[in-house]
2 protein chains.
Amino acid sequence: MAMLGIGFAAGLAHSLCGMMVRAGPRGVESPKLAACTIRDAFAATVMTSNSGHPLRPRGRPRRDRREDVPETLIRALEDLLANRPADALTLRDIAAAAGTSPEMVRYYFNGKEGLIAALLDESLVRVRDRLDGLTADLARAKQDHTRQIVDCLSEIYLRERLAGKLFNAVFVHDRAGRRLEDRAGRPDTIVAALHAVIDDLKERGHYRPSVDTGRAAIMIMSLTGCPVRLLETLDQRWIDEGRLGDPQWNADVAAMIERFCCP
Amino acid sequence: MAMLGIGFAAGLAHSLCGMMVRAGPRGVESPKLAACTIRDAFAATVMTSNSGHPLRPRGRPRRDRREDVPETLIRALEDLLANRPADALTLRDIAAAAGTSPEMVRYYFNGKEGLIAALLDESLVRVRDRLDGLTADLARAKQDHTRQIVDCLSEIYLRERLAGKLFNAVFVHDRAGRRLEDRAGRPDTIVAALHAVIDDLKERGHYRPSVDTGRAAIMIMSLTGCPVRLLETLDQRWIDEGRLGDPQWNADVAAMIERFCCP
């Protein structure tokens, strides 16, 4: 499992740094990250200068300097996104929902894009934690590996679907002309973890040595992630959340994958 | 296969009518549709009044009344969408790319939304034709049913991916608060066809009678459609178009589905 630990952590740190440069005020160096919450990340970003000395935010009104403003802004964005797409939201909408001013969004997150990046970072930290847990569980497990993979990914896709939608929306915009090589998102994070997990299961003899790791990873992502996306695009008579929450669903998905991957 | 023929055609006609009302000038009744190209649809929509009498467009400059303006506008939109998201495009951009004026977009399509709807309609007509072809092929086939389903859907998802992206983008906007019950899109069209196909294969004994049709349809959609979407979101080291074009890919997908659906 070493591959997952190293490659994955490096990828995530890289990705988080990329996002934090965006999320923090211009010219502030991004810190190295281990595990962190968005509040830690925010604190590390805004409180450290280029030279590494602590730096207090300057030149802003004190009355809005509540301890929880960044957190409140992220939660307000989350609530608003439940009913409206990101590009239909203004700084003013978000600030109003958080009970603060648009200046605070610019101050703490350098604008709407930075606030969105912070929400995505927060989600990615949770996703990484969940995948780390899966890796640890699989290392100990004697059986039901595939079912554990499916349960973990289904949970991620269902719980983090707001971030998923947001990532895709932002990503479509970023792809206008160029691919942002310096930003690994959730899909890259998940597929990297899956590659490591599948390779490990092949080594331990649970999956056939001839299984194409890349192909299997894409199929597992498709079977677990796509149904959640279909909740958004298909009429409810075809699929609903209850169906995806039904344990039989995950059992069937796991059975399909096992018939493809197991000896 | 009767179910596919009737339910599917009704759904599509319903859906196309919904779109054509949007695409055409206000107050023009949408005609009944059999198979039609967007040019037919356009002609039928703009050339027929509420009372059924032929109606010439009025009050617009004659110099831009070229026969191919609607077609040219749709192709221009298609070209522009290859590099930019729909909401980053203005009427002026689209008109300039088509060598005409923004007024022509308003005249023929009632604005950008109508032009986008026309592009989606065109794609949906192709998708329906391809699904009708699949139904006919499966009715004759003695074997390889699943492989034919997978080949057909892969082809649709790869070829029509611009419309797919566009549908999702538009759909996200439309979902801001409400679901447009009167507009069935490509996903609903495909899942309806799959339900009919799977039920038919169950009746003919090719699939197990106990197969849950809805579950199998979602899994088939996920396995064939999601990898195309991942092309957009994953780094190329994980997946590329060549891999999806590889016949082994479809063979593997078909094998997974068969192991799940066949006796």
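What rotation, and what shift along its axis, superposes chain B on chain A?

This is a predicted model, in which local features need pLDDT of at least 70, side-chain atom pairs count only at pLDDT 80 or more, and totals for chains, interfaces and linings use all residues. Residues are numbered from 1 along each chain as its sequence is written, chains are lettered from A and ligands numbered from 1 in the order in which they are written, and side-chain values use heavy atoms, without hydrogens and water.

**Solution 1.** Superpose by least squares on the C-alpha atoms of residues with pLDDT of at least 70 in both copies. A 180° rotation with 0.0 Å of shift along its axis brings chain B onto chain A, with an RMSD of 0.0 Å. The two copies are therefore related as by a two-fold rotation axis.

**Exercise 1.** Find how many aromatic pairs there are over all chains, and describe them.

**Solution 2.** Rings of Phe, Tyr and Trp (its six-membered ring) pair if their centres lie within 6.5 Å; planes under 30 degrees apart are stacked, over 60 edge-to-face, and the rest tilted. The whole structure holds two such pairs. In chain A, Tyr107(A) and Tyr108(A) sit 4.9 Å centre to centre with 65° between their planes, an edge-to-face pair. Tyr107(B) and Tyr108(B) have centres 4.9 Å apart and planes at 65°, so they are edge-to-face.

**Exercise 2.** Are Tyr107(A) and Tyr108(A) buried or exposed?

**Solution 3.** Buried means under 20% relative accessible area, exposed over 50%, partly exposed in between (1.4 Å probe, protein chains only). Tyr107(A) and Tyr108(A) are both buried, and Tyr107(B) and Tyr108(B) are buried too.
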